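Colleague: I am new to this structure and would like to go through it with you. Please show it first.

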Amino acid sequence: MPEGHVIHRLAGELNAHFGQQLVQVSSPQGRFADSAALLDGSQLVAAEAFGKHLFVEFSAAVPEPIVHIHLGLIGRLSHGDLAPPQGQVRLRINNDEVAADLRGPQWCRAVSPLEQERVVSALGPDPIRADQDPDLAWQRIHRSAKPIGALLMDQRITAGVGNIYRAEVLFRHRVKPSCPGNRLKQTSWHAVWADLVLLMRQGVVDGRIDTVLPEHSPEQTGRAPRVDRHGGEVYVYRRADQPCLVCGNPVRSATLEGRRLYWCGTCQRRH
């Protein structure tokens, strides 16, 4: 599932290509056809990301002028030329030069501003957005006995954080993933949050996740660069049984609440 930086990049691309323009809206697949017809020919006011949720607002004078998109596990939103749609395109937004095609989303639905507000209000703070308060997340973390490794993946606590950022930020701060939220120090949480802000905002710029410090990079250590479809240099994510880039001991892996967790048992001992 794409992490928050991907959704923010998509919002930026939609605004760059279509913002404040009259656009054509269609559903070649047909599953979004009725709503698309109501939005067709209106202005794309703005696209905005909150965590893993994408909202695209149109100027159409209808009760539900906002398209709410959640890509889920297999969804994809891609930009290209005006060639005929290929595959199962749920939603197409286009002008005279470029088209944005949405395929396989978990959600693609027209919603009202009130419904958008309801969805957003249920989310935790998003590290990529400038208007967020990390203490809102802390209020839930320090009351919970669940492991911080699980709490970080809860979108009601930190919106947009996924498996990669979860694993990497805990490693960078030497925090044991099994540490209960109510045993984590508030100063540690604020350090983790500040690092999420740094890493995830840079992910929006780069379009990839890089978490390794310069001194542990392939250029400095002579190791081979990481090869993975996600791209980027990481410390522990998908590196089970490989040597830790800091201490050399094998990276550990386990399943936590249905998701694969990666950590270094030597480096990550901090509560």
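Colleague: Which residues does Leu82 touch, not counting residues up to four places away in sequence?
Modeller: Contact here means heavy atoms within 4.5 Å. Leu82 itself lies in the loop between β6 and β7. Leaving out residues up to four places away in sequence, Leu82 touches Arg92, Asn94, Asn95, Asp96, Glu97, Val98 and Ala99.

Colleague: Before we go on, what kind of model is this?
Modeller: Residues are numbered from 1 along each chain as its sequence is written, and side-chain values use heavy atoms, with hydrogens and water left out. Local features need pLDDT of at least 70, side-chain atom pairs count only at pLDDT 80 or more, and totals for chains, interfaces and linings use all residues, as this is a predicted model.

Colleague: Is Leu82 buried, partly exposed or exposed?
Modeller: Buried means under 20% relative accessible area, exposed over 50%, and partly exposed in between, with a 1.4 Å probe and protein chains only. The relative accessibility of Leu82 is 37%, so Leu82 counts as partly exposed.

Colleague: In what order do the four strands of the open sheet stand?
Modeller: Strands (E, at least two residues) and helices (H or I, at least four) are DSSP runs, numbered from the N terminus. Two strands pair if DSSP finds at least two bridges between them. The pairing in this open sheet is antiparallel, and the order is β2-β7-β8-β6.

Colleague: Which are the edge strands?
Modeller: An edge strand of this sheet pairs on one side only. The edge strands are β2 (24-26) and β6 (76-80).

Colleague: How many bridges join β7 and β8?
Modeller: β7 and β8 form a hairpin with four residues between them. Arg92 stands opposite Asp101 in β8, and Asn94 has Ala99 as its bridge partner. Strand β7 (residues 89-94) and strand β8 (residues 99-103) pair in the antiparallel sense, and the number of bridges is five.

Colleague: Which residue of β7 stands opposite Val25?
Modeller: β2 and β7 run antiparallel and are joined by three bridges. In β7, six of six residues are buried. The residue opposite Val25 is Ile93.

Colleague: At what angle does helix α1 run to β6?
Modeller: Axes are lines fitted to C-alpha atoms, for helices over the stretch in contact, and angles run from 0 to 180 degrees between N-to-C directions. Helix α1 (residues 4-18) lies across β6, β7 and β8, and its angle to β6 is about 30°.

Colleague: Why is α1 described as oblique to α7?
Modeller: Angles under 35 degrees count as roughly parallel, over 145 as roughly antiparallel, 65 to 115 as roughly perpendicular and the rest as oblique. The axes of α1 and α7 are 8 Å apart, at an angle of about 45°. That angle makes the pair oblique.

Colleague: Which residues of α4 and α7 make their contact?
Modeller: The axes of helix α4 (residues 134-141) and helix α7 (residues 186-206) come within 11 Å and cross at roughly 135°. α4 and α7 are therefore oblique to each other. The contact is made by Pro134, Asp135, Ala137, Trp138 and Ile141 of α4 and by Gln186, Trp189, His190 and Trp193 of α7.
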